[in-house]
2 protein chains.
Amino acid sequence: MEPTTTTFFDLVRDQIPLVEARMRSSPDQHHPQLQRAIDHLLASGGKRLRPALTLLTARMLGTDEEKAIGLAAAIEMLHTATLVHDDLIDGSLLRRGLPTLNAQLTPGATVLTGDYIFARAAHLAASIGSLPLMETFARTLMTIVNGELIQLFREQSGDERQDYFDRIYAKTASLFELATMGAALLRQANQEIVEDMRRFGYQVGMAFQIVDDVLDFAGEEARLGKPLGSDVRNGVLTLPTLLYLERRPDGPARAAAVRSRQLNEAEAEALVAEVLASDAIAASLAEARNAIAAGETQLEGMPDGPERAALRQLGKYVTDRAF
Amino acid sequence: MEPTTTTFFDLVRDQIPLVEARMRSSPDQHHPQLQRAIDHLLASGGKRLRPALTLLTARMLGTDEEKAIGLAAAIEMLHTATLVHDDLIDGSLLRRGLPTLNAQLTPGATVLTGDYIFARAAHLAASIGSLPLMETFARTLMTIVNGELIQLFREQSGDERQDYFDRIYAKTASLFELATMGAALLRQANQEIVEDMRRFGYQVGMAFQIVDDVLDFAGEEARLGKPLGSDVRNGVLTLPTLLYLERRPDGPARAAAVRSRQLNEAEAEALVAEVLASDAIAASLAEARNAIAAGETQLEGMPDGPERAALRQLGKYVTDRAF
């Protein structure tokens with residue numbers, strides 16, 4: 001990670017290993033293959049932006065550190081569980097360049113391992129000792145799974161952009177908002193602060209996913225751990241493609257072709273190149289930056305100090321990473 | 001249901017529909033196919049013994065009725081979720097004579113529907129508003145899934161009977177003990193009462209599963225909704241088979257053959273007939289009756305009244321049903 005992007009992590013650098021230790025800890029003896037699977041999943045790590053959001057919000061508001069660590073661990077476990085089932089359903093064999101669980105286990109073992117990780121996530125959340133948090137946690141899990149079902153059944157409202165935003169909310173921003181709102185809930189902060197921090201997490205999460213979708217066109221393959229343009233090839237319409245096709249007469253037909261995976265390799269490659277050469281990339285990034293700007297205004301009423309500054313910096317990092 | 005077996009239900013007959021309504025209720029709009037799937041799963045119903053245990057325990061101890069209904073609904077949802085994934089993993093196409101979800105949906109949609117039902121179960125449990133209950137609930141989910149993983153990986157301790165009891169505890173008795181213990185926890189009953197009711201639920205659950213396994217040999221196909229001897233054919237060693245093979249010199253070899261599904265149809269049929277003709281059926285039922293007797297002693301310190309009498313009767317029903 002480059003020096004310029006690390007500073008917001010500095011405040012919580014010592015706490016991240018505590019979150020990871022909490023994720024690895026188990027309340028009871030369980031199957032050794034399960035522990036290996038969990039260790040493998042946790043080793044693939046990721047950027048730990050959600051834990052940083054939780055820990056920074058907690059420090060800014062004065063939330064108990066132990067509870068914040070529990071929340072961060074519960075959210076990462078929940079995220080891990082959904083990835084295990086997603087990769088199985090999509091037949092993905094690699095994630096962040098490492099073999100997925102379904103590349104190593106039978107489908108049945110993969111389903112059950114995901115279930116076990118859901119159970120661990122729920123147990124971590126319950127152990128924090130806050131009913132409002134637990135209720136919110138369960139609701140987030142419903143939001144995520146419902147979003148996946150809508151995607152699986154390819155239901156469309158007729159408003160493609162809205163469908164996209166609904167999808168990335170369910171998939172990504174719902175967990176980001178849980179990360180920030182949860183930390184405020186655990187402080188028993190007043191309703192306004194909880195809601196402001198929820199909105200901040202929401203906007204950061206939306207921006208994060210939009211940027212992720214831009215990187216699928218414009219990132220470096222080595223860093224992504226997957227080929228460029230994989231969304232188009234996998235039948236997924238993300239913001240850059242939507243914005244590009246929206247203004248073209250052949251847009252609806254080509255969008256339908258992407259969705260039904262009827263593009264051949266040459267057509268897919270052409271579409272990816274066209275999107276990349278168009279202003280849809282810049283327009284998508286502008287959308288992400290707008291989200292971050294909207295998020296930042298939510299921080300205005302928060303206690304001034306290094307944590308609030310770090311949260312602002314985290315927002316900037318989300319749109320600036322890898323560009 | 002025969003008149004003799006219905007009496008213990010009389011006390012809670014009016015509450016069971018409230019439990020079912022709670023299971024159908026949803027905190028938010030979700031996918032219509034999901035609602036149909038949930039309705040289908042809930043329509044298949046079952047005996048509702050767990051809700052009866054929760055409701056009777058709650059009434060006996062004076063637990064708030066609303067909370068008891070929430071608990072009963074949460075437990076049934078949790079059970080439903082595990083069945084959805086189990087049937088998928090086992091490739092079962094029928095349950096209680098009705099098509100399973102995986103017989104109607106793609107594997108991916110089945111996984112996600114199970115996940116959604118898990119989420120609903122967790123949300124129902126969280127909505128009850130008791131942290132000790134929520135913690136116990138999450139722990140039970142871990143117990144169930146861990147048991148399934150042990151079975152999937154066919155791990156053996158060397159003590160076949162112990163493995164069997166561990167398996168049926170994880171699969172069945174853990175939910176029964178949650179049904180009774182949970183109702184006591186929600187009353188904020190003292191530790192001794194909580195523990196006594198946990199033990200009662202545990203014993204009833206163990207007995208229930210042993211009887212279920214006996215019925216796989218000795219029941220009526222029409223009532224079971226599956227062919228007799230299906231466990232042996234599916235490579236599952238249950239108590240009757242274990243007790244029968246334990247005392248035979250060719251026992252270990254034949255147990256291994258069952259486990260690795262190397263029996264042909266004639267051998268499977270022969271084994272089922274031998275078990276049925278042996279005293280292993282009676283010995284298994286004696287084991288179940290001992291469990292119920294042990295459970296009944298836990299009720300001695302409970303408030304005298306129609307609920308305690310009904311719980312005793314429920315125990316008897318478990319071992320006497322269908323014989």
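## Conventions and confidence

Helices (H or I, at least four residues) and strands (E, at least two) are DSSP runs, numbered from the N terminus. Residues are numbered from 1 along each chain as its sequence is written, while chains are lettered from A and ligands numbered from 1 in the order in which they are written. Please keep in mind that this is a predicted model, in which local features need pLDDT of at least 70, side-chain atom pairs count only at pLDDT 80 or more, and totals for chains, interfaces and linings use all residues.

The scores are ipTM 0.89 and pTM 0.91. Where pLDDT is low, the predicted coordinates should not be read in detail.

## The fold of chain A

Chain A has 16 helices and two strands. Its radius of gyration is 20 Å, close to the 20 Å that the globule rule gives for 323 residues, so chain A is as compact as a globular protein of that length. Here the radius is taken over C-alpha atoms, and the rule is 2.2 Å times the number of residues to the power 0.38. The C-alpha trace spans about 55 × 50 × 40 Å along its principal axes.

Of the 323 residues of chain A, 50% are buried. A residue is buried if 20 or more other C-beta atoms lie within 10 Å of its own, exposed if 12 or fewer, and partly exposed in between, with C-beta atoms placed from the backbone. Among contacts in chain A with a separation of 6 or more, 74% come from residues 24 or more positions apart.

## How the two chains meet

A rotation of 180° with 0.0 Å of shift along its axis superposes chain B on chain A, with an RMSD of 0.0 Å. That is the relation of a two-fold axis. The superposition is by least squares on the C-alpha atoms of residues with pLDDT of at least 70 in both copies. In chain B, the C-alpha nearest the axis belongs to B:Leu131, 3.3 Å from it. Both copies use the same surface, as 100% of the contact residues of chain B recur in chain A.

Leaving aside neighbours within four places in sequence, B:Met134 is in contact with A:Ala126, A:Met134, B:Ala125 and B:Ala126.

The buried residues of H12(B) are covered by elements of chain B including helix H8 (160-186), helix H9 (191-218) and helix H15 (280-298).

For helix H16 (residues 306-320) of chain A, 15 residues at 1.5 Å a residue should span 21 Å, and its end C-alpha atoms are 20 Å apart, which agrees. The expected span is 1.5 Å times one less than the number of residues. Buried residues of H16(A) include A:Leu311, A:Leu314 and A:Tyr317. In the segment after H16 of chain A comes A:Arg321, which counts as partly exposed, with 18 C-beta neighbours inside 10 Å. The C-alpha atoms of A:Arg321 and A:Phe208 are separated by 9.7 Å, although these residues are 113 apart along the chain.

## A backbone detail in a loop

A:Arg261 has a positive phi of about 55° although it is not a glycine. This arginine lies in the loop between helix H13 (251-259) and helix H14 (265-277) of chain A. A:Arg261 is exposed, with 12 other C-beta atoms within 10 Å. In chain B, B:Arg261 also has a positive phi of about 55°.

Terms used: Two residues are in contact if their C-beta atoms, placed from the backbone, lie within 7 Å.
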